[in-house]
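Biologist: I would like to go through the features of this structure and hear, for each label, which criterion stands behind it. Could we begin once the model is on the screen?

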Amino acid sequence: MKRRVVVTGLGVVSPLGNDVLSTWQNLLAGESGIAKISKFDASGFYTQIAGEVRDFQPELYLDSREVKRTDPFVWYAMAAAREAWAQSGLEQGMFNPEKAGVIIGSGVGGISTIESQHLLYLEKGPRRITPFFAPMMISNMAAGNVSIAFDARGPVRAVVTACASGTDAIGEAFRTIVRGEADIMFAGGTEAAVTPLAIGAFCAARALSARNDDPQGASRPFDSGRDGFVMGEGSGVVILESLETAKARGAEILAEIWGYGCAGDAYHVVQPHPEAAGAARAMAAAIRDAGWAPEEIDYVNAHGTSTPLNDPLETRAIKNVFGEHAYKLAINSTKSMTGHLLGAAGALEFIVTVLTLRNGIIHPTINLTAPDPECDLDYVPSGPRKQLVRKAITNSLGFGGHNATLALSRWED
């Protein structure tokens, strides 16, 4: 039997709040975190809205010198990691540092640092580039800084699989514990890409919603009126432990991970496979890894991006995997309220799935007023739903054809 892996800590920074509780409460209330962009003048952009992190104070999580030497994507990861650590009840001296590790992904890393340092170079020349530019921009630095802060000397690495990064990071951390390479892992994703260059890039691709006059109604997963995704930012970090380690120290267990699956489309750099084959294989692989039958699953936290291609294709993939049981599943999209956190999306949505299992309540998919005829499943459109959820999966699909799914259950030892 493979080692069992449980979740003992959760941490969040999101457009709905800078901690787990406020984010969860706002999700249940159906509140949108999407508004006009305030971080720069977006008046000349095709899209002028985003899910920004607000009222964030990095000095609460790093000292002032560290704040100046790190990019916001690292700030968010450190804040989420500290919240997860506090909830877990872990303390230094409780564990062997060489059996503790970190895997935190990011889709684009320190893009705001890249932009600001390039402008400085153009205006004042190469001598004015900060000596900290390299460690501020590279995507592994969220994992590196968390490792240093918590003295985690085991496996430490980053995952970069676009919008599947957070899910893949948690999946790889899960496997690291199953293999016995670590007993405790920080895992998740982080992103701070609400910047002129990043917004401009997705505007140029016409991937973003242009509902600038209706920010809170712009993210419309599975709705026939959807016109693109809304960029978000933030971080989700969890603490995973082997069941033996968690029980030995009397930890409160929040959920159990049973399976992880990933698959490539091998089709197109940005478009999903027209038969949703990769997404279906990832779901099937996670369920098989868990040792479950598809009919045992109650709930799916969908990738649900609000793009014309993703939503019907993800729906098709769910039908391909679950057959008639697909119509009995409760499905929702967290992105309807947070926007798309890119490399952090899967980690936030994993945390939302843990909270759903733990609390027996499913948050709504907001703005679903005129369902796309191809999207005919139960997406929980009319307010939060009280429902006992015992087993669930959460999906993430990314540019490059990356597909990842995690299977987890309510803790009922």
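Modeller: Helix 3 (72–88) and helix 4 (111–124) each supply at least two residues of the lining of the second largest pocket, where helices (H or I, at least four residues) and strands (E, at least two) are DSSP runs numbered from the N terminus. This is a predicted model, in which local features need pLDDT of at least 70 and side-chain atom pairs count only at pLDDT 80 or more, while totals for chains, interfaces and linings use all residues. Residues are numbered from 1 along each chain as its sequence is written, and side-chain values use heavy atoms, with hydrogens and water left out.

Biologist: What makes a site a pocket, and what makes a residue part of its lining?

Modeller: On a 1 Å grid over the protein atoms alone, where a 1.4 Å probe fits, a pocket is an open set of points with protein on both sides within 12 Å along at least five of seven lines, and a lining residue has an atom within 4 Å of a point. The residues that line the second largest pocket include Lys-39, Phe-40, Pro-72, Tyr-76, Ser-112 and Glu-233, and helix 4 gives the most to this lining, with 3 residues. Its volume is about 170 Å³, a volume being the space filled by probe spheres set on the points, which are joined across faces, edges and corners.

Biologist: How does the lining of the second largest pocket divide by class?

Modeller: It has 6 nonpolar, 3 polar and 3 charged residues, with Ala, Val, Leu, Ile, Met, Phe, Trp, Tyr, Cys and Pro counted as nonpolar, Asp, Glu, Lys and Arg as charged, and the others, Gly among them, as polar. The largest pocket has a volume of about 600 Å³ and is lined by 33 residues, of which Val-270, Gln-271, Pro-272, Thr-307 and Phe-399 lie nearest its centre. By class, the lining of the largest pocket has 16 nonpolar, 13 polar and 4 charged residues, and helix 10 (277–290), helix 11, strand 13 (391–398) and strand 14 (402–410) each supply at least two of the lining residues.

Biologist: Why does Lys-39 count as partly exposed, and why is Glu-233 called buried?

Modeller: Buried means under 20% relative accessible area, exposed over 50%, and partly exposed in between (1.4 Å probe, protein chains only). Lys-39, at 39% relative accessibility, therefore counts as partly exposed, whereas Glu-233, with a relative accessible area of 1%, is buried.

Biologist: What does the salt bridge of Asp-289 and Lys-2 tie together?

Modeller: The side chains of Asp-289 and Lys-2 meet at 3.2 Å, N to O. Asp-289 lies in helix 10 and Lys-2 in the segment before strand 1 (5–13), so the pair ties together parts that are 287 residues apart in sequence.

Biologist: Why does Thr-315 count as buried, and which residues does Thr-315 touch?

Modeller: Its relative accessibility is 1%, so Thr-315 counts as buried. Thr-315 is found in helix 11 (residues 310–322) and, not counting residues up to four places away in sequence, touches Phe-222, Glu-374, Cys-375, Asp-376, Leu-377 and Tyr-379, contact meaning heavy atoms within 4.5 Å.

Biologist: What makes Asp-55 and Ser-306 stand out?

Modeller: Neither is a glycine, yet Asp-55 has a positive phi of about 55° and Ser-306 has one of about 80°. Asp-55, in the loop between strand 3 and helix 2 (64–68), is exposed because its relative accessible area is 74%. Ser-306, in the loop between strand 9 (299–301) and helix 11, counts as buried because its relative accessibility is 0%.

How values were computed. Salt bridge = Lys/Arg side-chain N within 4 Å of Asp/Glu carboxyl O.
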